[in-house]
Amino acid sequence: MCGIVGYIGAKQAAPILLDGLAKLEYRGYDSAGIAVLNEQAVGVTKTKGRLKALSDLLDGGKKAAGSVGIGHTRWATHGAPSDVNSHPHTNAAGTLAIVHNGSIENYMRIKVFLQEKGYQFVSETDTEVIAHLADYFYEGDLVDMVVKLTEKLEGSYALGILSSEHPDELIAVRKESPLIVGLGDGENYIASDIPAILQYTRKVYLLENGEIARLTKDGITVYDANKNVVPKEVFEVDWDVSAAEKGGYEHFMFKEIMEEPEAIHKTITPIIKEGLLKFGRVPDRVAIVACGSAYHVGVVGKYVIEKLAGIPVEVDIASEFRYRDPIITDNTLVVIISQSGETADTLAALREAKKRGGRILGIVNVVGSSIARESDEVLYTLAGPEIAVATTKAYATQLSAIYLLGLSLAKAEGRLSAADEKIYCDALERMPELIAGLLEQKDVLAQYAKQYYTAKNVFFIGRGLDYAVALEGSLKLKEISYIHSEAYGAGELKHGTISLIEEGTLVVALATQDLLFDKMVSNIKEVKARGAVVLSVAEEGNTEIEECSDVVLYIPKNNQLFTPSLTVVLLQLLAYYIAGEKGCDIDKPRNLAKSVTVE
Ligand code: F6R
């Protein structure tokens with residue numbers, strides 16, 4: 001997804017912009033560009049492709065002298081990835097340059113309006129429409145111009161704007177798309193994400209919807225949509241810079257899998273220490289809404305909450321929920337799960353649920369993100385920044401958070417005795433150590449990956465909680481290794497899909513639940529009989545499964561409700577090593593973006 005960085009100060013802007021954009025590469029992009037003010041003129045350089053191509057064009061930044069600039073990485077939405085569609089976009093005179101994240105919904109209408117006034121367009125983007133509209137509104141003051149822009153633009157945007165007529169200013173404004181302002185000493189920054197500027201400053205302003213910031217090198221003024229000055233509080237970022245780097249591993253994904261024990265420990269400890277979550281009124285229903293892997297956490301949540309608390313739970317994909325007239329009452333707890341806190345469909349679902357009177361609990365990783373800010377309460381996952389596009393440690397912490405929620409609801413319902421609470425919390429607290437033990441088996445997974453990486457189709461099967469984890473294991477494999485895979489409830493396979501099982505088809509069978517173990521063994525035998533190669537996952541001690549499997553991986557015994565946290569580690573590693581064997585771009589899989597801020 002698109003990234004923005006901007007700089008105003010005394011140093012050369014271009015190297016800082018290139019550096020900041022590099023920190024945002026993880027968001028996924030297909031083209032990049034910068035605009036730098038030089039001797040009262042705006043110099044724009046942009047290109048399709050990787051940042052390296054942009055950096056080469058600029059000789060690492062040397063070819064764009066000037067100390068005010070904006071940069072952008074684009075992930076195509078309006079018009080294909082191309083040089084001309086890349087940002088920044090300018091007005092016809094080339095005096096004004098704009099970078100944009102988000103999507104302008106009424107851009108076609110505005111385009112027609114501007115064309116009637118004689119404006120000509122060179123790109124297919126909605127952003128170029130903003131540049132010309134800005135030109136149309138400009139009467140000498142950039143903030144006045146932006147106020148008028150915001151009255152006209154519908155949709156989502158984070159904008160960075162510079163003008164050769166105001167060589168000492170950099171303008172930022174946002175609605176729905178994230179944008180922050182970084183405070184330096186004699187220099188200031190804008191960025192769509194904190195890692196872009198973290199090496200320069202830890203002090204930031206989080207811009208709210210509709211806020212406009214005017215930056216000079218010595219100061220920042222923030223205005224609301226009516227140009228009233230808004231006092232802002234400085235937000236101190238307490239992440240470690242090195243946390244956003246690979247830390248010696250070949251891939252961010254691997255580093256992030258290795259960080260799971262610590263991330264889970266950080267997430268659960270404060271809540272277990274301070275007592276579980278409290279609810280003024282115990283909800284009579286829970287609706288969990290999320291996308292992708294976060295949705296898979298919701299599927300685990302349904303099993304866990306219904307089992308522990310006896311409260312009915314619905315789980316929805318956000319893009320379906322928001323358009324299906326969902327039934328939400330003022331006693332529905334709506335749980336919105338999101339790593340980035342910016343996923344467009346998830347945010348829209350939150351707003352829909354809120355409109356219908358639901359109480360919103362956000363399970364969010366990024367502090368200060370839109371979903372965190374718009375939730376009534378937030379249970380933060382403390383996974384730290386996740387850079388690899390495929391989520392691993394954030395998913396792991398989301399699972400822990402959903403367990404804590406299940407226990408909290410059970411307690412509020414009077415279904416969890418103090419003794420049971422202790423048993424469950426002890427089991428949760430053991431998790432980091434048990435996961436660390438599983439991670440030591442990584443070389444075994446690397447070996448199996450060598451055996452299986454040529455597979456064309458893989459099926460992940462399981463029952464109950466194992467089915468929920470199968471969904472995630474399958475997604476992980478397909479998104480990074482491009483091997484087609486599907487997850488099935490093991491009992492459902494025979495209702496059609498089993499016809500796809502043939503000699504040599506790889507089936508990953510999850511059989512960690514005692515209650516369902518015998519059923520799983522039968523299902524494994526069914527696929528074995530049709531020629532499948534079966535890799536099973538079971539709890540230590542359940543060696544009976546070896547008879548019907550080609551390979552068995554064991555997870556250590558812990559409370560059966562928490563097995564997903566263990567099983568998924570093996571599946572993440574398997575996907576990682578298989579993608580590695582295939583030579584895939586593991587941290588940046590094709591067609592994917594880290595933060596999906598368009599519908
Ligand atoms: C898959 C993955 C995605 C995200 C989904 C939601 O590895 O990362 O499926 O889980 O796009 O993103 P967030 O959690 O940021 O709302």
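Leaving aside residues up to four places away in sequence, Pro432 touches Pro261, Ile264 and His265. Contact here means heavy atoms within 4.5 Å.

Some ground rules. This is a predicted model, where local features need pLDDT of at least 70 and side-chain atom pairs count only at pLDDT 80 or more, while totals for chains, interfaces and linings use all residues. Residues are numbered from 1 along each chain as its sequence is written, and side-chain values use heavy atoms, with hydrogens and water left out.

Back to Pro432. Its place is in helix α13, residues 418-439. Helices (H or I, at least four residues) and strands (E, at least two) are DSSP runs, numbered from the N terminus. Is Pro432 buried or exposed? Pro432 counts as buried because its relative accessibility is 11%. The cut-offs: buried is under 20% relative accessible area, exposed is over 50%, and partly exposed is in between, with a 1.4 Å probe and protein chains only. Now take Asn91, 341 residues from Pro432 along the chain: their C-alpha atoms are separated by 54 Å.

Next, the domains. The assignment gives domain 1 (3-238), domain 2 (246-439) and domain 3 (441-586). These bounds come from an automatic or database domain assignment. Taken over C-alpha atoms, the centres of domain 1 and domain 3 are 46 Å apart.

On to the sheet. It is open, with 5 strands in the order β16-β15-β17-β18-β19 and parallel pairing. Two strands pair if DSSP finds at least two bridges between them. At the edges sit β16 (313-317) and β19 (377-380), each pairing on one side only. On average, neighbouring strands are turned by 20° against each other, direction ignored. Axes are lines fitted to C-alpha atoms, for helices over the stretch in contact, and angles run from 0 to 180 degrees between N-to-C directions.

Which helix packs on this sheet? Helix α12 (residues 393-412) does, touching β15, β17, β18 and β19. Its direction makes about 165° with that of β17. Between β18 (residues 359-364) and β19 there are 4 bridges. Gly362 has Val378 in β19 as its bridge partner.

There is also a hairpin. It joins β12 to β13 through 4 residues. These two strands run antiparallel, joined by 4 bridges.

Last, the ligand. It is surrounded by 14 residues, the closest being Ser338, Gln339, Ser340, Thr343 and Glu479. A polar side-chain atom of Thr343 lies 2.5 Å from a ligand oxygen atom.

Note on methods: Near = heavy atom within 4 Å. Polar contact = N/O pair within 3.5 Å; in protein donor to acceptor, adjacent residues only side chain to side chain.
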